[in-house]
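Please study the sequence and the model before reading each solution.

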Amino acid sequence: MKTNGVLLFNSGYYIGATAVTSGLGFVYWWVAARWFQPQTVGFGSATISAMTLIGTICILGFGTLLVGELPQLPGKEGSIISATLIIVGATGVCAGIAFVVGTPLVSPELQSLRASIPDMLLFAAGVSLTAITLVLDYALVGLLRGDLRFWRNSLFAAAKLAALFAVSLWLPHTTGLTIYATWAFGNVLSLALLAG
C-alpha cells in the first residue's frame with residue numbers, strides 16, 4: 001500500500017505540473033499576443049519552439065535512463081545526476097550555437113539570432129537550460145520526488161509570466177528575443193530555487 005501510494009502521489013504531482021504549466025502557458029501567450037507586436041510574438045514563439053526541439057534532442061536519452069537507473073543506485077544519485085546535467089548542458093550550448101550559425105539554411109526569418117554575440121549566447125543558453133531542466137525533471141520522477149518537479153515547473157511557469165508582464169510594462173522597445181529571454185529567466189530562477 002505504501003509503495004503504491006508513493007507512485008500515486010508521484011503521478012499526481014506529474015499531472016499537476018502539466019496542468020499548472022499548461023494553464024499558465026495559455027495565460028503567457030495570451031499576454032504576449034495582447035501586449036506585443038505580432039512580429040515580436042511570432043519571432044519569440046519560433047525561437048522558443050526551436051529551443052524546445054533542440055533542447056529535447058540534447059537530452060540524449062539520459063532522462064529515460066535516469067528514471068530507470070536512479071532507484072537502483074542508492075547513494076550515487078547526486079553524482080550521476082550532476083554528470084548528466086553537465087553533459088546535456090554542454091551539448092545544449094554547442095547545439096544552440098550550431099543552430100544559430102546554420103540558421104540561414106533553416107530559416108531566413110531567424111537570421112536576427114545572429115545579430116550579436118550576446119543574442120547568440122542567449123539562444124545557446126536557453127537550449128542548454130531546456131535540456132538541463134528536462135533531464136532534471138526526469139531525474140526527480142526517477143527519485144520519486146514528483147513534488148519537487150511540480151514546484152519547479154510551477155515556479156518556472158509563474159516566473160516567465162511575471163517576467164513577460166514586467167517586460168511589457170517597463171521596456172519601451174521589445175523584440176522576439178525579449179520574449180525568449182523571459183523563458184530562459186523562468187528556467188534560471190526555478191533551477192536556482194530548487195538548488196536552494
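This is a predicted model: local features need pLDDT of at least 70, side-chain atom pairs count only at pLDDT 80 or more; totals for chains, interfaces and linings use all residues.

**Exercises on fold, size and core**

**Exercise 1.** Determine how many helices and strands the protein chain contains.

*Solution.* The count gives 8 helices and 0 strands. Next, consider the contacts with a separation of 6 or more: 76% of them join residues 24 or more positions apart.

**Exercise 2.** Decide whether the radius of gyration of the protein chain agrees with that of a compact globule.

*Solution.* A compact globule of 196 residues would have a radius of gyration near 16 Å. The protein chain has 18 Å, which agrees. Along its principal axes, the C-alpha trace spans about 55 × 30 × 25 Å.

**Exercise 3.** Describe the largest nonpolar core and identify the element that gives the most to it.

*Solution.* This core has 41 residues, and Leu113, Phe123 and Ile179 have the most contacts inside it. The elements that give two or more residues to the core are α1 (2–35), α2 (38–57), α4 (77–101), α6 (117–142), α7 (146–170) and α8 (176–195). Of these, α6 gives the most, with 10 residues. Beyond its neighbours within four places in sequence, Phe123 is in contact with residues including Met51, Phe99, Leu113 and Tyr180.

Definitions and conventions. Residues are numbered from 1 along each chain as its sequence is written. Side-chain values use heavy atoms; hydrogens and water are left out. A nonpolar core is a set of buried Ala, Val, Leu, Ile, Met, Phe, Trp, Tyr and Cys residues joined through side-chain atoms within 4.5 Å. Buried means under 20% relative accessible area, exposed over 50%, partly exposed in between (1.4 Å probe, protein chains only). Helices (H or I, at least four residues) and strands (E, at least two) are DSSP runs, numbered from the N terminus. Contact means heavy atoms within 4.5 Å. The radius of gyration is taken over C-alpha atoms; the globule rule is 2.2 Å times the number of residues to the power 0.38.
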